[in-house]
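Grab your viewer and let's work through some charged side-chain pairs. Try each exercise before you read its solution.

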Amino acid sequence: GSAGARLTPGGPGGQRALATLLLFASGVVGMDEAQRAYAAPVGPLVMKFGGTSVGSAARIRDAAHLIAMERGRSPVVVVSAVSGVTNTLLEGVEHAAAGRDPDVQGVLAKLRAIHANVATCIDDPDDRAAALADVETTLDALNRFYVAIGAMGEPVPALVDRVAACGEKCAAPTVRRSNVSCRVAPVATSTAYRSDSFRLRS
């Protein structure tokens, strides 16, 4: 190739670029092959969205559009609990351990309202109803964890861990269904999923 030829940016960067340059400099590959090797994606793309990034309907829409832009790479999408939800879940643990069932029910109602609000990012009514049904399934399980903590009279660590995980499990269905609205293929729901119906990763 000519002395002015350059590798096309777009590969995974640093080490991959150096390896490709060494192959080209050693005469092992030509410039065209080096460019293709450098630009080719390596493995799955993992996209992580924290609590603030899924903290409102508008933010989930933004996340969905980012995921849609990368759908050609079959991204693995990992979501955190909606902003503030983890603290609310742990408040429920305190109420349950103290035997304050009305307060526990208040926590469940608050969580239900939070997720109904963020689910407004889903345009299709049937998709929105399906996402909220998944949320309700998680909240039913959460209530059972609270009942168990109340029976023990203390915040048993193994149960607290299960309570905390409910935040991500409530957020995932809404992010998933919002991607359906953004014309991304249906996905499996979990705290981590792939955007083209690959098996879920939890």
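Keep in mind that this is a predicted model. It holds four salt bridges, and the exercises below take up some of them.

**Exercise 1.** Find the distance between the side chains of Arg-100 and Asp-103, and decide whether each residue is buried or exposed, or in between.

*Solution.* Start with the contact: the N to O distance is 3.5 Å. The cut-off for a salt bridge is 4 Å, so the pair qualifies. Next, accessibility: Arg-100 comes out at 35% relative accessibility, and Asp-103 also has 35%.

**Exercise 2.** Which helices does the salt bridge between Glu-136 and Arg-112 link?

*Solution.* First the contact itself: these two side chains meet at 2.9 Å, N to O. Now place the partners: Glu-136 is in helix H6 (residues 125–152), while Arg-112 is in helix H5 (residues 101–118). They're 24 residues apart, so the pair links distant parts of the chain. Last, accessibility: Glu-136 is partly exposed at 28%, and Arg-112 is partly exposed at 36%.

**Exercise 3.** Work out where Arg-177 and Asp-127 sit, and whether they're buried or exposed.

*Solution.* Check the contact: the closest N and O atoms of Arg-177 and Asp-127 are 3.5 Å apart, in a salt bridge. Arg-177 belongs to helix H7 (residues 157–181) and Asp-127 to helix H6, so this bridge ties together parts 50 residues apart in sequence. Finally, both Arg-177 and Asp-127 are buried, that is, under 20% relative accessible area.

Conventions: Residues numbered from 1 in each chain as written. Predicted model: local features only at pLDDT ≥ 70, side-chain atom pairs only at ≥ 80, totals over all residues. Heavy atoms only, no water. Buried < 20%, exposed > 50% of the residue type's maximum accessible area, 1.4 Å probe, protein only. Helix = DSSP H or I, 4+ residues; strand = E, 2+ residues; numbered from the N terminus.
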